[in-house]
Amino acid sequence: MPSLGADMESGTLLEWRVKPGDVVKRGDIVAVVDTSKAEIEVEIFQDGTVEQLLVAEGTRVPVGTVLATLQTTSDESERAQAPSAPPPPTEGPSAERPRVSPVARRAAERLGVDITSLHGSGPNGAITLADVQGTAGSTQAARAVKPDEAPAPSVAADRQAAMRQAIGALMARSKKEIPHYYLQSTIDLSGALEWLGKANETRPMSERLLPAALLLSATAKAAKEAPAMNGFWRSDAFQPAEHVHLGVAVSLRGGGLVAPAIRDADRKSVDELMASLNDLVRRARVGVLRSSEMFDPTITVTNLGDLGAEVVHGVIYPPQVALVGFGAVGERPWAHSGMLGVRPLVTVTLAGDHRVSDGAEGSRVLALGGRYRQRPEEREK
Amino acid sequence: MRSTATTITYRDAIRESIREAMLADERVFLMGEDVGAYGGCFGVSRGVFEELGPERIRDTPMSESAFVGAGIGAAMAGARPIVEVMTVNFCLLALDQIMNNAATLSHMSGGQFCVPLVIRMATGAGRQVAAQHSHSLEGWLAHIPGLKLLAPATVQDARYMLAPALADPNPVLIFEHASLYNAEDQIPTTPATLDIGGAALRRTGADLTLIAYGGTVPTALVAAEQLSSEGVEAEVLDLRVLRPLDEHTILESVARTHRAVIVDEAWRSGSLAAEVSARIMEGAFYELDAPVARVGSAEVPIPYAGHLEQAALPQAQDIVAAANEMIGAAGV
């Protein structure tokens, strides 16, 4: 079971798209998995022949569980595991004893907190008193709100609750672990929108570009030039990413959100980005995303402009180290060349991880992005 | 009497305590190598010889076993001797007297004799006097029942620990860390308490406890300030009394902070830090949020070369690193 996002702990295998004996090649879709957020098509990363399916449809298994075995074409005698390279299979209950400090274990017992549900923030991932108390606090709050009897929830409500919990856990982890700093700047988009207007003049309705595509393009371009914003914090160290896979936060009907990636966004033209964005939003909202899109975007963009918010100060999506937020594009008064005029403006924010970068660096990135946004034609070159 | 404050060095504070004791009680005398005409090899008794004379300030031959033994005999016979041994390294020459006589006679005589003796000695490194003058062997002596061990880390303790030590009917060893002699502080001329009963909190903090004694107390305080600037509040516990250990105060502090780093200038293997760690494990295991950590000297004879000596000793940054490692990636 692949990890389709930092917040995913288990998934339900909905459907096999292959059967034993099928020949598959890298990139083929072999299964559909339901995370708590969406249905995701799982791609295979190796060529070979499907040998055995180990997990039945409809079964919920933890991340890392072997789903199937694969006979690789390169060496028939060697077995490769599919679809990703998870840890070796474990029989029965979790093989490794979690590291829990004595005082944390005692507090968990007292407060009725399930230790196995906690993320350890101590040395070597040990669960500490603070980890227990964090959970204990929210559990108690939840208890206070709704005592005893809970109505039998529908499947949709279940999923809604699971998603809320997953988002909550991830965002809480982000705010607990990542020392966020925030920068914001307001950008005059008149040049960019003028360019957009001209570009759209000759296009049929279905191919018209939206300002969002320009904003994504400028962000991807700036991220490429700012290695300290693009990558992952893993094992207490920053790992810059080679490519820019731009995560796009998509809010779902009925609540919740996902942030799948537009891969290699820095190398896509505005047209290609527009097409990718349309496709991604549509599929995210019907709940069918591909596993490769969920594999750790390198930086995420959130755009709340459609909903009217002027400024968004976002929460970084672990293990990423930066998040760019856009508010609504709107006409507002703006001083330019000593004159006050009415211009289309957008406020862009950067949430940066202080373990990796400082405000000065963040400022340069914002300025860089601003330049691309103001002059898309320069970016297009 | 009106209580006022005075600024004084650790060295002068000890001298004042010796003068005061000798003026108050004629049974008290000071004995040791070069304590008289020379004024003590660390200058502690400078001027006292001129004031009180050779009867009360007695220079001895270079034979620790002989003059510690003489001190034990004098104490048994009713005197209140203060014996100065130049460094804890040299007290090994008198270990037979300290352990087999001073520490045992009350027990072996069924209480017919007691040994009201005070032995002062310098301890610790940091002065480039190499491997025969620099060690911290308090832990060895803290092993011995029948002894009380004091480690004044502050000027106030240097000034006021001697009187209760002399009042104790059993042998008391006072360890003066040589790097502290020049420390200066403002202390009250009449202290509120004169206790040698246990440990003292030198700084409060909610996140972890730094346990130190003698020369490592100032280092721990420096580390605590640095940790504070990084958002971690450390409590600094000064043990003061190395035997018997003030287990109650140690466990109380650990129960508050759930984390402990023990800072000890001795080698870690078989050390006082090991003993404190074991007591915490025995008495506060269920309060711990992380394994107890120890910061000690490198397990080598203390080097002569200045940079190597500093590298061998526990430094503030070593304490900060141990604390950060204990707290983990997520902070507190």
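1. How many of the 332 residues of chain B count as buried? The share is 50%. Please keep in mind as you look around that this is a predicted model.

2. Next, have a look at the largest nonpolar core, which holds 111 residues. The members that touch the most others are Leu149(B), Leu210(B), Ile211(B), Val261(B), Ile319(B) and Ala323(B). Helix α13 of chain B (residues 316–327) supplies the largest share of this core, with seven residues. Domain 1 (7–188) and domain 2 (200–327) of chain B both contribute residues, so the core lies between them.

3. Setting aside neighbours within four places in sequence, Val261(B) is in contact with Leu208(B), Leu210(B), Ala293(B), Val295(B), Ile319(B), Ala322(B), Ala323(B) and Met326(B). There is also a second, separate core of 67 residues, with Val33(A), Leu246(A), Ile262(A) and Phe326(A) among them.

4. Finally, turn to where the two chains meet. Chain A brings 14 residues to the contact and chain B brings 13 residues. On the side of chain A that touches chain B, α1 (102–111), α2 (129–145) and α3 (155–177) of chain A each provide at least two residues. Of the elements there, α1(A) gives the most, with four residues. Sorted by class, this side of chain A has six nonpolar, four polar and four charged residues.

How values were computed:
Residues are numbered from 1 along each chain as its sequence is written. Chains are lettered from A and ligands numbered from 1 in the order in which they are written. This is a predicted model: local features need pLDDT of at least 70, side-chain atom pairs count only at pLDDT 80 or more; totals for chains, interfaces and linings use all residues. Two residues are in contact if their C-beta atoms, placed from the backbone, lie within 7 Å. Ala, Val, Leu, Ile, Met, Phe, Trp, Tyr, Cys and Pro count as nonpolar, Asp, Glu, Lys and Arg as charged, and the others, Gly among them, as polar. A nonpolar core is a set of buried Ala, Val, Leu, Ile, Met, Phe, Trp, Tyr and Cys residues joined through C-beta atoms within 7 Å. A residue is buried if 20 or more other C-beta atoms lie within 10 Å of its own, exposed if 12 or fewer, and partly exposed in between; C-beta atoms are placed from the backbone. Domain bounds come from an automatic or database domain assignment.
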